[in-house]
Amino acid sequence: MSLAPGSTIGIIGGGQLGRMLAMAAARLGHRTIVLEPQADCPAAQVANLQIVAAYDDPAALAELASASTVVTYEFENVPVAAAETLAARVPVYPPARALEVAQDRVTEKSFLNGIGIPTAQFCPIDNDEQLTVALKKFNGSGVLKTRRLGYDGKGQRVFRNMETGGFAGASEAMGNVPLILESLVAFEREISVIAARGLDGSIAAYDPAENVHREGILRSSTLPAPIGPEAAAAAKEAAAKILSALGYVGVIGVEFFVLADGSVLANEMAPRVHNSGHWTEAACAVSQFEQHIRAVAGLPLGSPARHSDCVMENLIGDDMQKVPALLAEPDLMLHLYGKAQSRPGRKMGHFTRISRRH
Ligand code: AMP
């Protein structure tokens with residue numbers, strides 16, 4: 001059943017993704033209420049209401065449930081218990097199971113492998129001995145990561161030559177939390193697919209973007225990605241498989257490594273709209289944000305077709321100085337997030353340059 005016009009969509013999380021979801025919801029005639037502890041957050045600036053409280057505050061969750069016809073979220077670290085509490089009272093999309101899978105890299109890779117999607121090899125790591133065994137298994141190299149949320153660049157360490165005794169230092173630097181060692185993938189490029197599944201089970205996948213990261217932060221997404229049709233098809237098929245396996249409703253972002261032989265390995269999935277899908281607002285009739293709102297509102301999905309080639313770039317920290325020059329460019333769509341303070345590493349906005357219309 002689709003949402004009646006004027007219905008309220010609850011959004012957990014008040015960052016720029018929530019802001020863009022709220023804008024898309026408004027364009028489709030819906031109201032939004034945002035749950036976010038930080039007052040005057042980017043999403044609340046454009047939503048109808050904000051509940052200023054922690055994501056797991058029972059009274060706030062009860063208020064959100066009674067004010068909303070459906071609840072969604074803009075970040076993958078929503079406490080699973082909070083999503084389940086809400087789901088007992090109001091539909092929550094994507095399902096809490098998607099959060100559970102995406103929040104732990106071991107659970108995530110086991111899930112992906114279980115439905116036939118290849119990933120890097122991996123081992124859970126809780127001590128030096130396990131690290132030594134796993135490094136041996138991966139020919140001396142690997143990427144040590146936190147299993148659950150890494151915090152600000154402290155979530156990874158690369159091993160290349162079987163350095164031993166690295167566990168204690170790495171573990172401390174990462175906050176003494178459970179870790180995972182992944183085999184070091186010699187990828188040619190990184191791509192992502194943004195895909196959606198509707199309430200009726202239909203699936204729409206946008207074309208893969210090529211993504212460039214620096215210091216762990218996405219810098220740019222380029223369409224089309226310079227990959228062969230087999231790699232593009234494999235990535236889209238993998239995204240569709242994930243959506244079906246989870247009985248998913250909404251937009252998902254799935255990141256992949258493309259190897260020299262054109263095969264793809266899934267790296268991560270984000271059960272939400274994704275930074276590497278921001279280009280869709282400039283190069284598709286229906287953006288990832290509208291697609292997500294359509295899905296959770298029970299409306300038919302829009303076409304993911306791309307009418308233009310384009311490059312999306314993030315504006316991070318001091319990049320805001322580029323804004324006047326960007327505004328002078330034709331065929332450029334600028335999107336700023338309403339953040340008053342710029343800080344190094346903080347995403348302030350993005351722009352998409354249309355390079356060729358089809
Ligand atoms: P992640 O936090 O998993 O998104 O990783 C951040 C970045 O580190 C990725 O975008 C890759 O550039 C790199 N990376 C992550 N995992 C691996 C891996 N197993 N092998 C090689 N590079 C990796």
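**Strands and a ligand shell**

Reader: Which residue in β4 is the bridge partner of Gly 10?

Author: In β4 that's Val 71. Strands here are DSSP runs of E, at least two residues, numbered from the N terminus. Heads-up: this is a predicted model, where local features need pLDDT of at least 70, side-chain atom pairs count only at pLDDT 80 or more, and totals for chains, interfaces and linings use all residues. Residues are numbered from 1 along each chain as its sequence is written, and side-chain values use heavy atoms, leaving out hydrogens and water.

Reader: OK. How many bridges between β1 and β4, and in which sense?

Author: Four, with β1 (residues 8–12) pairing with β4 in the parallel sense. Pairing takes at least two DSSP bridges between two strands.

Reader: What's the strand order in that sheet?

Author: β3-β2-β1-β4, an open sheet of four strands with parallel pairing. β3 (49–51) and β4 (70–73) are at the edges with a single partner strand each, so one side of each has no neighbour in the sheet. The twist averages 25° from one strand to the next, using axes fitted to C-alpha atoms and angles from 0 to 180 degrees between N-to-C directions.

Reader: Switching to the ligand. How many residues surround it?

Author: 14, and the closest are Lys 145, Gln 156, Val 185, Glu 190 and Glu 268. A residue counts if one of its heavy atoms lies within 4 Å.

Reader: Which polar side-chain atoms sit by its oxygens?

Author: One from Glu 190 lies 2.5 Å from a ligand oxygen, and one from Arg 105 lies 3.0 Å from a ligand oxygen. Polar contacts are N or O pairs within 3.5 Å.

Reader: And what's by a ligand nitrogen?

Author: A polar backbone atom of Ser 183, 2.9 Å away. The protein covers 82% of the 470 Å² of accessible area the ligand has on its own (Shrake-Rupley, 1.4 Å probe).

Reader: What does β6 pair with?

Author: β7, antiparallel, over four bridges. Val 143 has Val 158 in β7 as its bridge partner. The open sheet runs β5-β8-β6-β7, with antiparallel pairing.

Reader: Last one: how far apart are the C-alpha centres of domain 1 and domain 2?

Author: 35 Å. Domain 1 spans 8–92.

Methods. A polar contact is a pair of N or O atoms within 3.5 Å; within protein, one must be able to donate a hydrogen and the other to accept it, and residues adjacent in sequence count only if both atoms are side-chain atoms. Domain bounds come from an automatic or database domain assignment.
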